[in-house]
Amino acid sequence: MDEELLGLALVVVLAIGSQLLAARLTIPAILPLLVAGVLAGDTTGVIDPQQLLGDALQPSIQMAVGIILFEGALGLRRDELGGGIRGAVTRLVSLGALLTWALMAVALIVVLDLPNNVGILVGAILIVSGPTVVLPMLEFIRPVRSARSLLKWEGILIDPIGAILAVVAFNALDFTGSASALSLQGDFVETMAAGLLCGVAGALVLMPLLAAGWLAERQKVAATLMAVVAAFAAGDLLKEDAGLVATIVMGIVLANQRRVDIARIVEFKETLGAILLGILFVLLAAQVQVSDVVDLGVEGIAVVLLTVVLVRPLVVLAATARTGVPWRERVFAAGLAPRGIVAASTASVFGLELVAQGAPGAEQIVPVTFLVIAGTVILYAIVSPLLASGLRLRHGEPAGVLLIGAPPWARDLARCLLAAGVDVRVWSPRAAEADAARAEGLAVQPDPLLDDDAEEPLAEEIGTVLVMTDDDALNDALVVRLAAALGEARVHALPAAAERPVTLSRLGELGAPLFALDMTAAALARRFDAGARVAAFTADSEDEPPPAGTLSLLAVRERRRGAGALDVHVFTPAQPPPRTRPGDVLLALAPA
């Protein structure tokens, strides 16, 4: 009992600790997770997944993978599929999957001398990529939206397709060659149909619960987990591996409907998915024997290099030809296809079963798969950012400013920011203010509360949000929504009046206050009416203070390695003022 307790506790500690370390070192989380799992399993022997979970190990892994795929599918919006991306994604997950399967099987059989049936099976397993590795890399690289959409859709959709093809190959070969091609095609279609049915049903059952006023927000997160698990289980009961299809379909349906606000289940993205991902990688890596991976030798490294240098480029260039996708984005897509959790879990399931059956070459399934996972993650983490920079597809950290609320003083601030070279947008709940902003040449943003599709472009382009309407309840709702979508550090809020109502109690947690402790939108409006105006001052020396009698608002400076890109710093009472450098532009409210 003590050993099982220690093992389970260590799994959780390593899973979360490895992700914290990865965040600190700004590296893909899969790398420390794999190292931690292998060390805890093979080296110390403290973690034995089979002993800890027994027969429940594989079903638990599959269910957790389904939840992770649902979380990724929540970010798939149909409006991203313009400009040839729809056709490119379709061909990548169909023709591209088959080409990857064939090329990987040939490489494994020829280079590693695997038995034909094992090579074909592992080739199918290595079709998959997955959101657990693709999305973190995309967040780090920050490519243009179209390139990001292409790889995001492919990475999420290819997982169940690859897993199903692996199951079909496993059952067809069964290392006896008894199944017919017709039965293979029938199995695939039946699995997809079962997953589609259960996914749509799960979404239709969940939407009324998310819209229910009698459920608290955390209860809606719990209801979502319940519905996802139910859809996964129903799909798998109808057809093996249909549960993965069901969770992805469910996520896509929820992401593209307008009846309920899926921002309420954002906890899936921020907490549950990350914890499950960490636990899965530790458990799966603990089953890997380091000596088996080392025994693959130079031939194993050659397979990884062929995967990155030959297989992926050929597949992408063939599958995206004449789709309308620009050549730079096609080249970038050819340089990013790391393998992830679905490949690891599928290889573990089949590897253990075939080893138990005594199938020749079965003992190499797990080490080959994990070598390709680790190798592709490392190589793509090095190559892909350089490739994106060379192709001029990286847009860097967002530096735009969104002003929410557009009274005269806020429009004055927006014009000064524009003059300093900053990308500025405004939004106001008042039609008169929005019309005045347009008349003054300012870009007006769609409603950030109603337009779900605007969240991702905002995350890519807006680095600072100033919430400054004259309605405290609206400010509170905006801060909660935008902090969840863009990150707490980007959102700042200004109370409408001196008496902060209870509804603004979360602003201290979710949105940093603006300008000064006693400053409100009403006070700024009074100063503006008395003749005060926003003025720009250029610093001539280090740590130059703003002119006496002015209220410091923002500082604009050029990034040290930004090739002309700008950063915007907000003056807040919660933090010391930014240290100025020569050339910085200080924006302050100056008296008449």
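At roughly what angle do the axes of helix α6 and helix α7 cross? The axes of helix α6 (residues 95-111) and helix α7 (residues 116-125) cross at roughly 135° and come within 8 Å.

## Basis of the report

This is a predicted model, in which local features need pLDDT of at least 70, side-chain atom pairs count only at pLDDT 80 or more, and totals for chains, interfaces and linings use all residues. Residues are numbered from 1 along each chain as its sequence is written, and side-chain values use heavy atoms, with hydrogens and water left out.

## Overall make-up

The protein has 24 helices and 10 strands. Helices (H or I, at least four residues) and strands (E, at least two) are DSSP runs, numbered from the N terminus. Of its 592 residues, 53% count as buried. Buried means under 20% relative accessible area, exposed means over 50%, and partly exposed lies in between (1.4 Å probe, protein chains only).

Contact means heavy atoms within 4.5 Å. Among the contacts in the protein with a separation of 6 or more, 78% are accounted for by residues 24 or more positions apart.

## Helices α6 and α7

The axes that cross at roughly 135° are lines fitted to C-alpha atoms, for helices over the stretch in contact, and angles run from 0 to 180 degrees between N-to-C directions. Angles under 35 degrees count as roughly parallel, over 145 as roughly antiparallel, 65 to 115 as roughly perpendicular and the rest as oblique. Helices α6 and α7 are therefore oblique to each other. The crossing of α6 past α7 is right-handed; a crossing is right-handed if the near helix is turned clockwise from the far one by less than a right angle, and left-handed if anticlockwise.

On the α6 side, the contact is made by W101, M104, A105, L108 and I109, while α7 contributes N116, G119, I120, V122, G123 and A124. By class, the contact of α6 with α7 has eight nonpolar, three polar and no charged residues. In this scheme Ala, Val, Leu, Ile, Met, Phe, Trp, Tyr, Cys and Pro count as nonpolar, Asp, Glu, Lys and Arg as charged, and the others, Gly among them, as polar.

The loop between α6 and α7 holds D113. D113 is not a glycine, yet has a positive phi of about 60°. Its relative accessible area is 64%, so D113 is exposed.

## Salt bridges

The structure holds four salt bridges. A salt bridge is a side-chain nitrogen of Lys or Arg within 4 Å of a carboxyl oxygen of Asp or Glu. R312 belongs to helix α15 (residues 297-319) and E154 to helix α9 (residues 145-173), and the pair links distant parts of the chain, 158 residues apart. Both R312 and E154 are buried.

K239 and E190 form a salt bridge through their side chains, at 3.0 Å from N to O. K239 lies in the loop between α11 (217-238) and α12 (242-255) and E190 lies in helix α10 (residues 181-211), so this pair ties together parts that are 49 residues apart in sequence. K239 is partly exposed, at 22% relative accessibility, and E190 is also partly exposed, at 45%.

The side chains of R415 and D412 meet in a salt bridge with an N to O distance of 3.2 Å. R415 and D412 both lie in helix α19 (residues 408-419), three residues apart, which is about one turn of the helix. R415 is partly exposed at 34% relative accessibility, whereas D412 is buried, with a relative accessible area of 9%.

P160 is found in helix α9. With 5% relative accessibility, P160 counts as buried. Not counting residues up to four places away in sequence, P160 touches L244, V245 and I248. The C-alpha atoms of P160 and T191 are separated by 9.9 Å, and the two residues are 31 residues apart along the chain.

In the loop between α15 and α16 (327-334) stands R322. R322 is a residue other than glycine with a positive phi, near 60°, and counts as exposed at 81% relative accessibility. In α16 the buried residues are E329, R330, F332, A333 and A334. What covers these buried residues includes α8 (131-141), α9, α15 and α18 (365-390).
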